[in-house]
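Let's take a friendly walk through a protein model. Have a look at the sequence and the 3D view before reading on.

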Amino acid sequence: MTTTGGTGRSVLLLTHTGRKAAMRSTRLVHASLTEAGLTVRMLASEVDDLKRAGFELDPVEAVRGPGAAEGVELVLVLGGDGTLLRAAEIARPAGAPLLGVNLGHVGFLAEAEREDLNATVRSVVERRYAVEERMTLDVAVYNGGRAKGDPPVRTWALNEATLEKATARRMLDTVLEIDGRPLSRWGCDGVVCATPTGSTAHAFSAGGPIVWPEVEALLVVPISAHALFARPVVVSPDSVVAFEIVPDTTAGVLWCDGRRMVELPAGARIEVTRSDTPVRLARLQRAPFTDRLVAKFALPVAGWRGRAERDDL
C-alpha cells in the first residue's frame, strides 16, 4: 500500500527482521511516525518478513531497488552496526542521513540506544538533529577479474577495506605501497585500511589506534604480520594506499565493511583512496567523542576530578 503523509515528509525505516525485539520496535516507531503525519517507507522484503511474523504495518510505502532512499528526509535504522552498514549502502547514493538506534551490542555507529527509542522518534518528528559527514573509501581491484586487461573491480567502504588470506593454512604475502612508493612486505593474516569511523571496528581489534572522527586520515593496520616493521601507520587522507599480493604466492580475498567481497588471485593489486561521496550521519546531541568511547567500552574513569574542580588550577 502506498500513502503520502500529511506533512509531505518521509522516512525510510530499516530494521533487523531476524530479531523479534527489532520487529516490535519497528511497529512502535511506525505507529509514532505515521501518527505525526510522516510517510514511512520500508524495503518490500522487510515488510514481507514482518507480515510473516505477524507484524502488520499499515499504512506503509513498500519500495524495492537501489533507489529506496531517494527523496527521504532520513533513514532510521533499528539494529546493530551490521544493520547500519547495510543501510549505508542504500542511503549513501541518495545523500540521505542515517540515524541508528542500537539494538545490538556495542553499536558504535548508532546514535541512540533501545531505551531512548521514544525520545529518538520525537527528535525525528521535531527535526531536532544535526547531520555530519563521514569520509568513505573508494577501492579499486586490478586483476581481480583474473585476466590481463580486465577493467578494475570497484567498490567502497565506510569502516574499512580488509585484505585477508584466502586459506587458513598459508599466510598472505603482500607489499604495502604509500603514494607510489613501497613501504614494507609482510607475511601476514591480512591488512586493514580503515577510515577514522572504522578505527573502532576491525582496525581496533587488530591493534590499531582510535582516531577521532573529525580527524581526516587513512589507517593501515597489519594483522598478525611476521615482520620486523609491522606497526599501524596513519597517513594523509589524500594518500593512495595500495596492496599487492606477491605473484606466485597464495590468493587472498578483499572485504569491504564485512559486506562486499572480491576474490583476489596472486598478483592482484588493491588501491584505496578517499572517496568524494561521504556517508551522512544524523546526530541528536553533540556529545564529545571521548564520552562515547567511555560509554561504549565501559572505560574506567573513577578518580577524575576535572579542571573546574581542581583548587590548584
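Which residues in α1 are buried? They are A22, M23, S25, T26, V29, H30 and L33. Keep in mind that you are looking at a predicted model. The mean pLDDT of the protein chain is 91, with 94% of its residues at 70 or more. Confidence is lowest in strand β6 (residues 112-113), where the mean is 88, and highest in strand β15 (residues 233-235), at 98.

**Helix α1**

Back to those buried residues of α1: A22, M23, S25, T26, V29, H30 and L33. They cover an arc of only 155° around the axis, so they lie on the same side of α1. On the face turned away from the buried side, α1 carries the exposed residues L28 and E35.

What do the buried residues of α1 pack against? Their partners are β1 (10-15), β2 (39-43), α2 (44-52), β4 (74-79) and α4 (117-125).

Just after α1, G37 takes a positive phi of about 95°.

**Aromatic rings**

How many aromatic pairs does the structure hold? It holds four. In one of them, the rings of F108 and F289 have centres 6.3 Å apart and planes at 45°, so this pair is tilted. F108 lies in the loop between β5 (98-102) and β6, while F289 lies in helix α6 (residues 289-297), so the pair ties together parts that are 181 residues apart in sequence.

The rings of F204 and F297 have their centres 5.0 Å apart and their planes at 15°, so that pair is stacked. F204 sits in helix α5 (residues 202-205) and F297 in helix α6, so to speak a link between distant parts of the chain, 93 residues apart.

| Residue | Relative accessibility | Class |
|---|---|---|
| F108 | 8% | buried |
| F289 | 13% | buried |
| F204 | 35% | partly exposed |
| F297 | 25% | partly exposed |

Together with W212, the residues F108, F204, F289 and F297 form one aromatic cluster.

**Charges over a ring**

Finally, look at the ring of W156. The charged end of R92 sits over this ring, 4.2 Å from its centre. The charged end of R260 also sits over the ring of W156, 4.4 Å from its centre.

Note on methods
Residues numbered from 1 in each chain as written. Predicted model: local features only at pLDDT ≥ 70, side-chain atom pairs only at ≥ 80, totals over all residues. Heavy atoms only, no water. pLDDT = per-residue confidence, 0-100. Helix = DSSP H or I, 4+ residues; strand = E, 2+ residues; numbered from the N terminus. Phe/Tyr/Trp six-rings, centres within 6.5 Å; stacked < 30°, edge-to-face > 60°. Buried < 20%, exposed > 50% of the residue type's maximum accessible area, 1.4 Å probe, protein only. Lys NZ or Arg CZ within 6 Å of the ring centre and 35° of its normal. Arc of directions from axis to C-beta. Contact = heavy atoms within 4.5 Å.
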